[in-house]
Amino acid sequence: MSTNVVTFTIDGVEVKSAPDKTIIQAADDAGIYIPRLCYLKDLPPGGHCRVCTVKVNGRPVNSCTYPVAEGIVVENDTEELNSFRRNIIEMLFVEGNHFCPSCEVAGKCELQALAYRLGLLTPQMPYLYAQKELDATHPDVYLDRNRCVLCGRCVRASIHLDKKNVFGFENRGINMRISVNSNDGLKDTDLTKDDKAMSVCPTGCLVVKRQGYLTPVGKRLYDKKPIGSEIETKTVKS
Ligand code: SF4
Ligand code: SF4
Ligand code: FES
């Protein structure tokens, strides 16, 4: 018999959800925060970053792509999973070139906020100091690959929300990078500063020029409250 509601638990809390939701969607609706980096509510899931990993009946899965099901037992806020997430965040820091104190998105950056929330201190892995290309050709925006975490949000937003196809991925493994659909950089694409693709970047990789410090440091989103609080405070858990 089909049902319109499935019931399951996340860290022992009973959650009810429509059967067509993913675990992260159901958790959000229930006011339970599952850390994430590439997932964004209005975009199709990318499944790239693995930060949203939870255990379902003891098995690790991406909560942004895994569907809810009756009776599943989901583990989320455990030291084992948070340690795994911390390692991913640490790898992203050492693979890129992140200098938060001088970065214009410090305080509103999801990577930085996740590091704080997960308790990442000085990375134990060696920094790679990779050479990454910056594209400042566009009059209104720039792309600083030093801060790119390859989440693919810009790729999906440009396709699905802006109905363009400005961004993509090129190369593989450690050489993978975000590409644009022009040989001469962003200036020859149809990207505008108002594109949704510009607002979904979780870091300071895609930035609108001349707007860097409109909100002063100290008064930005994650200066006031940790990442995830917007979900944890919106709904009372059952
Ligand atoms: S993009 Fe985020 S993590 Fe990277 S330097 Fe800027 S604030 Fe720090
Ligand atoms: S440019 Fe931003 S949105 Fe695009 S892949 Fe890099 S970090 Fe993600
Ligand atoms: S948020 Fe699920 S894989 Fe990135």
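**Reading a predicted model with two ligands**

Me: What is the exposure of Leu150?

Reply: Leu150 has a relative accessible area of 24%, so it is partly exposed; that class runs between buried, under 20%, and exposed, over 50%, with a 1.4 Å probe and protein chains only. This is a predicted model, in which local features need pLDDT of at least 70 and side-chain atom pairs pLDDT 80 or more, while totals for chains, interfaces and linings use all residues. Residues are numbered from 1 along each chain as written, chains are lettered from A and ligands numbered from 1 in written order, and side-chain values use heavy atoms, without hydrogens and water.

Me: Where does Leu150 lie, and what is its phi?

Reply: Most residues other than glycine have a negative phi. Leu150, not a glycine, has a positive phi of about 55°. Leu150 is in the loop between β7 (141–144) and α4 (153–160); helices (H or I, at least four residues) and strands (E, at least two) are DSSP runs numbered from the N terminus.

Me: What is the phi of Asp11, and where is Asp11 found?

Reply: The phi of Asp11 is positive, near 50°. Asp11 belongs to the loop between β1 (6–10) and β2 (13–17), and its relative accessibility of 37% makes it partly exposed.

Me: Which residues have the most contacts inside the largest nonpolar core?

Reply: In soluble globular proteins, nonpolar side chains tend to be buried together. A nonpolar core here is a set of buried Ala, Val, Leu, Ile, Met, Phe, Trp, Tyr and Cys residues joined through side-chain atoms within 4.5 Å. The largest has 23 residues, and Leu37, Val51, Ile89, Leu111 and Leu114 have the most contacts inside it. Both α2 (79–95) and α3 (110–118) supply at least two residues of this core, and α3 gives the largest share, five residues. The core lies between domain 1 (6–77) and domain 2 (84–208), because both give residues to it; the domain bounds come from an automatic or database assignment.

Me: Where does ligand 1 sit, and what surrounds it?

Reply: Ligand 1 sits in the largest cavity. A cavity is a set of points on a 1 Å grid over the protein atoms alone where a 1.4 Å probe fits but cannot get out, and a molecule sits there if more than half of its atoms lie within 2 Å of the grid points. Residues around ligand 1 include Phe93, His98, Cys100, Leu111 and Arg147, each with a heavy atom within 4 Å of it. By class, this shell has eight nonpolar, three polar and one charged residues.

Me: Which residues come nearest to ligand 2?

Reply: Cys148, Cys151, Gly152, Cys154 and Cys201 come nearest, out of 13 around ligand 2. The shell divides into ten nonpolar, two polar and one charged, and ligand 2 takes up the second largest cavity.

Methods:
On a 1 Å grid over the protein atoms alone, a cavity is a set of points where a 1.4 Å probe fits but cannot get out, and a pocket is an open set with protein on both sides within 12 Å along at least five of seven lines; lining residues have an atom within 4 Å of a point. Ala, Val, Leu, Ile, Met, Phe, Trp, Tyr, Cys and Pro count as nonpolar, Asp, Glu, Lys and Arg as charged, and the others, Gly among them, as polar.
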